[in-house]
Amino acid sequence: QVLRKTFPKARVLRMDYDTTRTKGSYEKILSSFAEHKADILVGTQMIVKGHDFPDVTLVGAIAADLSLNAADYRCAERTFQLLTQAVGRSGRGRKAGEAIIQSYHPDHYSIQAAAKQDYEAFYQEEMSYRMLLDYPPASHMMAVLGSCPEEELLVQAMHYLELYIHRVYKEKDLHVIGPAYASVGKVKDIYRQVIYLKHEKQETLVRIKDQLEKYIEINSGFRKLYIQFDFS
């Protein structure tokens, strides 16, 4: 609506989850834009990934730093990837291109590096944080994700899992974070909690996982829970 009001003569295409639900709609929108049937393409992250439009000379990223607020150690990396891809959509042909990044944290290293297309600068800065906090690839990490419709049962069960982790592995080189509520703590009346484990050797995390699976299997209190293990 804002684009049509600001540029009344421009033809605007919209590309997001709602407009790409039907079969073939994704390809139809991209084809229309490639064939110059529209002047402006506005949409979500899906419009920046891998598309090649030689006549695009301006790209704008609005609220580009929202992904920095995600509860994930990879949020800076994902922000850099997304913005680098977005900036790369402009000026792919013979015409010069320009990209405008709107941000509430313009000095953040991931946004600065993406604007400059400086992969090495981002790598050096990001790796310093990963090394400092023992996040992959500086070390290996395992997430123990628990979900249950009964919140009290979930909290108690995840607490028991944490105690058992310390019982089966007593060395101080294992970092345990949690249990705590997941970034989205409740989905469709299902409560979710997570425990993170960090260690320099993945084999150690695999052994702990195997022990936890045996513990869960022989304890009836876990029957109402769904437990998932994710490695990174």
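**Close-up views of a predicted model**

View 1. In E8, Gln 228 is the bridge partner of Leu 145. The coordinates shown are those of a predicted model. E5 and E8 run antiparallel and are joined by six bridges. E5 and E7 are also antiparallel, with nine bridges between them; Cys 148 stands opposite Tyr 191 in E7. Seven of the nine residues of E5 are buried, and the strand is therefore largely enclosed by the rest of the structure.

**View 2. Helix H6 and its cover.** H6 comprises 18 residues, 151–168, and reaches 26 Å from its first C-alpha to its last, close to the 26 Å expected. Its buried residues include Leu 153, Leu 154, Ala 157, Met 158, Leu 161 and Ile 165; Glu 162 and Tyr 164 are buried as well. Strands E5, E6, E7 and E8 are among the elements that cover the buried residues of H6, as is helix H7 (202–218).

**View 3. The largest pocket.** The largest pocket holds about 1300 Å³ of space. Of its 37 lining residues, Leu 41, Ile 47, Leu 58, Val 59 and Gly 60 are the closest to the centre. Helices H2 and H3 and strands E2 and E3 each supply at least two residues of this lining, which has 24 nonpolar, eight polar and five charged residues.

**View 4. The second largest pocket.** About 470 Å³ of space lies in the second largest pocket. Ala 71, Asp 72, Arg 74, Ala 143 and Tyr 196 are the closest to its centre among the 21 lining residues. E5, E6, E7 and E8 each give two or more residues to the lining, and the largest share, six residues, comes from E6.

Notes. Residues numbered from 1 in each chain as written. Predicted model: local features only at pLDDT ≥ 70, side-chain atom pairs only at ≥ 80, totals over all residues. Heavy atoms only, no water. Helix = DSSP H or I, 4+ residues; strand = E, 2+ residues; numbered from the N terminus. Expected span 1.5 Å × (residues − 1). Buried < 20%, exposed > 50% of the residue type's maximum accessible area, 1.4 Å probe, protein only. Contact = heavy atoms within 4.5 Å. Pairing = 2+ DSSP bridges. 1 Å grid on protein atoms, 1.4 Å probe; cavity = no way out; pocket = protein on both sides within 12 Å on 5 of 7 lines; lining within 4 Å. Points joined across faces, edges and corners; volume = space filled by probe spheres on them. Nonpolar A, V, L, I, M, F, W, Y, C, P; charged D, E, K, R; others polar.
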